[in-house]
Amino acid sequence: MGAYAALTPVVSKIFCSSSQAVLMVRRRPPTVNGGGFVVTDRDQRVVFSVDGCGIIGASGQLIVRDGDGTAILFIHKKGGVVQVLSINNWWKGYLMDYGEPSKLVFSFQDPKPVLCMNGDVRVAVEPKGRKRHWDYEVIGSFSQRACTVRSRAGHVVAQIGVKGMLAGKDFYHVVVQPGYDQAFVVGVIAILDNIHGESTRC
């Protein structure tokens, strides 16, 4: 028998699996539900989808849905004077409750390229501990579909890559390691997609 994988939920433990999950991400055309992308499992069942601003109607806002189409995560990019003066762009991820954003579950830090060419993309899970400022980081190149989400302890959470003749920027795979929250990983990918001006961007 294999070792038990401790669950590390961010959105919910129902999105954590005791085994490795291989997910396929396929970009939707802008004319279909405002763009965004669909995530399927090995059996080609839709397990998540992401709506970009084409359907939401506001730039810098994303919605992650489960396989039934229920909104589970609302993500938005912070604005305002404080944001303008910061060296980082900040994104906030909230649980959805009865169709409305409710509890903050993570904050995503994206260094502004003009000010910080080699900054780290980092994510803090709420509530943040007193002695730490981040819990996960993204290393590698999302635009090349060759990057990894890694925990603060250095453990691989998820790997994003391409495989097969049909794979590319519009169709790629994500391998989520046992115990980690797949909905959270999809939320991180949604932000990366928007940052790079891809399927979720207006």
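Biologist: How many cavities of 30 Å³ or more does the count come to?
Modeller: The count comes to one cavity of 30 Å³ or more. Please note that this is a predicted model.

Biologist: What volume does the largest cavity have?
Modeller: The volume of the largest cavity is about 50 Å³.

Biologist: And which residues line the largest cavity?
Modeller: Its lining consists of Val25, Arg26, Arg27, Phe37, Arg145, Lys169, Asp170, Tyr172, Asp193, Glu198 and Ser199. By class, seven of the lining residues are charged, three are nonpolar and one is polar.

Biologist: Which element gives the most to that lining?
Modeller: β1 does, with three residues.

Biologist: Turning to pockets, what is the volume of the second largest pocket?
Modeller: The second largest pocket has a volume of about 200 Å³. It is lined by 13 residues, and Ala21, Leu23, Asp41, Val47 and Gln182 are the closest to its centre.

Biologist: How does the lining of the second largest pocket divide by class?
Modeller: Eight of its residues are nonpolar, three are polar and two are charged.

Biologist: What about the protein overall: how many helices and strands does it have?
Modeller: There are three helices and 12 strands. The protein has 202 residues, of which 46% count as buried.

Technical notes. Residues are numbered from 1 along each chain as its sequence is written. This is a predicted model: local features need pLDDT of at least 70, side-chain atom pairs count only at pLDDT 80 or more; totals for chains, interfaces and linings use all residues. Side-chain values use heavy atoms; hydrogens and water are left out. Helices (H or I, at least four residues) and strands (E, at least two) are DSSP runs, numbered from the N terminus. Buried means under 20% relative accessible area, exposed over 50%, partly exposed in between (1.4 Å probe, protein chains only). On a 1 Å grid over the protein atoms alone, a cavity is a set of points where a 1.4 Å probe fits but cannot get out, and a pocket is an open set with protein on both sides within 12 Å along at least five of seven lines; lining residues have an atom within 4 Å of a point. Grid points are joined across faces, edges and corners, and a volume is the space filled by probe spheres set on the points. Ala, Val, Leu, Ile, Met, Phe, Trp, Tyr, Cys and Pro count as nonpolar, Asp, Glu, Lys and Arg as charged, and the others, Gly among them, as polar.
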